[in-house]
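My notes follow in the order I took them.

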Amino acid sequence: MTNNELVAQIVEKLGGVTNIVTEANCMTRLRIDVKSMKQVDVEAIKRIQGVLGVVTEGQNLQIIVGPGKAKKCEEILRVEFMGGKAPQIGDWEANKQAMKGKQQGNKLKSALKTIGEIFIPLIPAVIAAGIFNGFSGLITNLQSGGTLPVNQVWDTLRLFLSLMGGGFLGYFAIFTGINAAQKFGATPALGGMLGAMSIMPAVDEISKILGLFNEDSPLNSILRNGKGGVIGVILGVYILAKIEKAVRKKVPDVLDLILTPIITLIITTLVFLFIIMPVSGIASDWLIAGLNVLINSTNPIISLISGYVLAALFLPMVLLGLHHGLIPIYAIQLEALGGVTLFPVLAMAGAGQVGAAIAIYLKAKKVNNERIKQVIAGALPAGILGIGEPLIYGVTLPMGKPFITAGLGAGFGGAYVMLTKVMATAWGPSGIVAIPLMQPASMLNFFIGILISYVGGFIITQLFIKEQDVRNV
């Protein structure tokens with residue numbers, strides 16, 4: 001089945017284009033908000049060839065189609081079926097139903113979803129930049145150790161890789177500001193400007209003039225360059241969107257192009273610099289301090305327990321589609337520590353699935369269950385590469401108990417990774433392909449953690465899943 005045919009069938013089972021409010025994608029999923037769930041045939045969508053699973057929450061559907069395919073299908077849906085944009089809803093009753101759908105669920109889930117949607121479009125660049133920086137650091141380490149020569153060729157390659165990695169991560173706040181503005185309905189360029197302001201040296205100069213800068217310990221300043229990080233930028237752009245809309249209503253049309261951005265930026269910048277950046281900076285500092293208690297503890301017992309629990313509980317978050325809510329935490333860690341320690345631990349969850357799937361495959365072979373063998377054979381390569389949804393929705397979740405045993409097995413890998421202080425340069429897929437995302441000194445321990453999770457998921461599944469559990473799946 002072609003991607004066009006796949007999208008056409010999905011649209012039909014969604015109740016047609018007119019039932020779609022908004023659409024987007026992440027690495028593996030089409031994320032669609034609909035007007036009315038009554039028009040949607042969820043079970044029929046699950047049966048479409050090429051659909052690996054469906055998660056519903058209120059009026060939102062997450063249709064899992066796999067890595068690479070999700071972006072292609074989103075583009076086909078947007079361009080060929082929706083004319084390049086989401087349809088305008090004119091009927092007040094349809095608007096009412098759409099709003100009710102968006103109000104379902106608690107505010108925390110809604111906030112995490114919004115933040116995740118700001119960062120989702122940035123993930124490909126995050127992965128690429130992390131890999132470039134990782135290899136640049138690897139060359140540096142190999143040169144320092146004498147394995148690679150210090151010459152013009154290797155120095156040029158190292159700088160070239162560093163240039164590509166730093167070109168994105170160095171200006172992460174700007175990209176965040178642009179995406180947040182698009183999400184909140186503000187002018188994207190103004191959102192980018194606010195993100196740029198947060199990292200400009202002029203912030204430190206203003207802070208010094210007003211006595212808010214700590215010369216002895218700049219990181220502890222009330223106001224400083226980068227204070228509040230991307231969380232501050234998102235909050236700032238949210239306020240910017242509110243102010244811009246209010247100003248635009250008051251300004252005459254003939255002066256809108258000039259006065260609206262000027263007035264909006266003046267007001268927003270004052271609020272951003274003197275309220276949002278300091279307050280969000282304190283919140284970020286508290287979050288990092290709390291994470292450090294778990295992730296960077298010098299007590300090996302705390303490291304083992306926290307690593308095990310975090311890795312073991314991550315699969316349910318993936319199941320609910322809440323894992324993108326962790327992206328701001330990754331970003332805060334990257335800004336504060338120069339690397340991400342939470343992502344490598346959580347990445348072990350997918351490896352636990354692989355081990356569990358191998359155990360089920362062997363049992364299926366014994367009981368001659370060809371169907372489950374074929375499902376596992378098709379989903380296993382994606383799982384090894386770090387895309388866990390095919391195994392979740394095709395194997396472990398339908399069976400029930402293996403979904404639990406996979407997480408319990410993954411916990412052992414998480415404990416090892418936490419204990420050995422593995423740190424990543426970015427975040428992305430969680431399997432073997434994530435090895436280049438690790439800092440050079442952490443690559444081997446990350447790989448060992450994956451192997452431990454494979455073995456843990458395999459052994460626990462072998463112990464608790466019986467042949468009769470596999471025979472009639």
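What percentage of the 473 residues of the protein count as buried? I noted 49%. This is a predicted model, and I read every value below with that in mind.

Overall form. I looked up the radius of gyration and found 24 Å. A compact globule with 473 residues would have a value near 23 Å, so the protein agrees with that expectation. Along the principal axes, I have the C-alpha atoms filling a box of roughly 75 × 65 × 45 Å.

Secondary structure. I listed 21 helices and four strands for the protein.

Contacts. I took the contacts between residues at least 6 apart in sequence; 72% of these join residues at least 24 apart.

Cavities. I then turned to the second largest cavity, which has a volume of about 50 Å³.

Lining. Which helices each supply at least two residues of the lining of the second largest cavity? I wrote down α16 (348–366), α17 (370–384) and α20 (443–464). The residues that line this cavity are A347, G350, A351, G383, I384, G386, S430, G431, I450 and Y454. Sorted by class, I get five nonpolar and five polar residues in the lining, and no charged ones.

Definitions and conventions: Residues are numbered from 1 along each chain as its sequence is written. This is a predicted model: local features need pLDDT of at least 70, side-chain atom pairs count only at pLDDT 80 or more; totals for chains, interfaces and linings use all residues. Side-chain values use heavy atoms; hydrogens and water are left out. On a 1 Å grid over the protein atoms alone, a cavity is a set of points where a 1.4 Å probe fits but cannot get out, and a pocket is an open set with protein on both sides within 12 Å along at least five of seven lines; lining residues have an atom within 4 Å of a point. Grid points are joined across faces, edges and corners, and a volume is the space filled by probe spheres set on the points. Ala, Val, Leu, Ile, Met, Phe, Trp, Tyr, Cys and Pro count as nonpolar, Asp, Glu, Lys and Arg as charged, and the others, Gly among them, as polar. The radius of gyration is taken over C-alpha atoms; the globule rule is 2.2 Å times the number of residues to the power 0.38. Buried means under 20% relative accessible area, exposed over 50%, partly exposed in between (1.4 Å probe, protein chains only). Contact means heavy atoms within 4.5 Å.
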